[in-house]
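Student: Could you take me on a close look at the barrel in this model, with its strands and the turns and peptide bonds that go with them? I would enjoy one connected walk through it.

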Amino acid sequence: MQYYQGRYPILEKKLLAKNMVQYVIFCPEIAAVAQPGQFVHILPTGHTLRRPISLCEIQAEKGTICIVFELKGSGTETLANCNVGDCMDVLGPLGHGFTLLPDAKRVILLGGGIGNPPMLPLAQYYQGRAAVISGFRSAEFVILQDAFQATGAETILCTDNGTIGRHGLVTEPLQELLNTQTIDAIYACGPKPMLRAIAAIANEKDVFCEVSLEERMGCGIGACLVCACQLEREGKSVSAHVCKDGPVFSAKEVVWA
């Protein structure tokens, strides 16, 4: 695993939606080697533990990465108080990313809430070959829809309460697309119940599927056991680390119980 650690300057800052913050950070070493599905581990000033944040965009030619996160506690609140010109202590890129399929003709990308940002690099890769299904609690939390549309992908927006887009779960349009089109791959990131349901559908339809798991992390490089998860490989239960072996896994091998 090739990764870098340093203090890198913030070039842009935006508030995308309620409690949703976006930063563009200049870190050419990380941007040069990062892959869709990987993450960075950021140390908030005054804290001892880093916060894992998925890569929302990778622009190697500009030497920048984009991250989007939700304010959930003191650590992310500290990060949200940073401004353009400040430097962030970034470790990355970390983890195992998504499998890119150059010959795929049609793929489906599904994001739930803060699981939407890691879908953007995939949408930029597949462009018009992708259908992006985004799910949020309500209209006030919706993010990145313009960015997804700019890639040329088909976009479908769902909200739990129907305040914008379709009223319902992301699994409903997923089923519709699978029933009417030939799909080569499914990629997903979001809450575990959502991923479990998507994995079951993909398995039933026998479609290649990868999911990005969200877990609390300590070190981010596999040295601690905070983000342990269970997989089933070759009929055997094995332990893995979400930070090092994931966060992306084959949906077929994740033990969902």
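Tutor: Happy to. In this predicted model, the barrel is closed by 6 strands, and going around it you meet them in the order E1-E2-E5-E4-E3-E6, with antiparallel pairing. From one strand to the next, the twist averages 45°.

Let's start with E1 and E2. Strand E1 covers 4-17 and strand E2 covers 20-26, and Asn 19 sits in the loop between them. Have a look at the backbone there: Asn 19 is not a glycine, yet its phi is positive, at about 65°. As background, most residues other than glycine have a negative phi, and most peptide bonds are trans. Is Asn 19 buried, partly exposed or exposed? Its relative accessible area is 34%, so Asn 19 counts as partly exposed, given that buried means under 20% and exposed over 50%.

Strand E4 (residues 51-59) and strand E5 (residues 64-70) are joined by 4 bridges in the antiparallel sense.

Strand E6 spans residues 87-94 and includes Pro 93. The peptide bond that joins Gly 92 and Pro 93 is cis, with omega about 0°.

Pro 247 lies in a loop, the one between E14 and strand E15 (248-250).

E14 itself belongs to a hairpin. Strand E13 (residues 228-233) pairs with strand E14 (residues 236-241) over 6 bridges, in the antiparallel sense. Arg 233 faces Lys 236 of E14 across the pairing. There are 2 residues between the strands of this hairpin, and Glu 234 takes a positive phi near 55°.

Gln 127 is another residue other than glycine with a positive phi, here near 50°. You will find Gln 127 in the loop between helix H3 (120-126) and strand E8 (130-136). With a relative accessible area of 44%, Gln 127 is partly exposed.

To go back to where we began, the picture to keep is a barrel of 6 strands with antiparallel pairing, with Asn 19 in the loop between E1 and E2 and Pro 93 in E6.

Note on methods: Residues are numbered from 1 along each chain as its sequence is written. This is a predicted model: local features need pLDDT of at least 70, side-chain atom pairs count only at pLDDT 80 or more; totals for chains, interfaces and linings use all residues. Side-chain values use heavy atoms; hydrogens and water are left out. Two strands pair if DSSP finds at least two bridges between them. Axes are lines fitted to C-alpha atoms, for helices over the stretch in contact, and angles run from 0 to 180 degrees between N-to-C directions. Buried means under 20% relative accessible area, exposed over 50%, partly exposed in between (1.4 Å probe, protein chains only).
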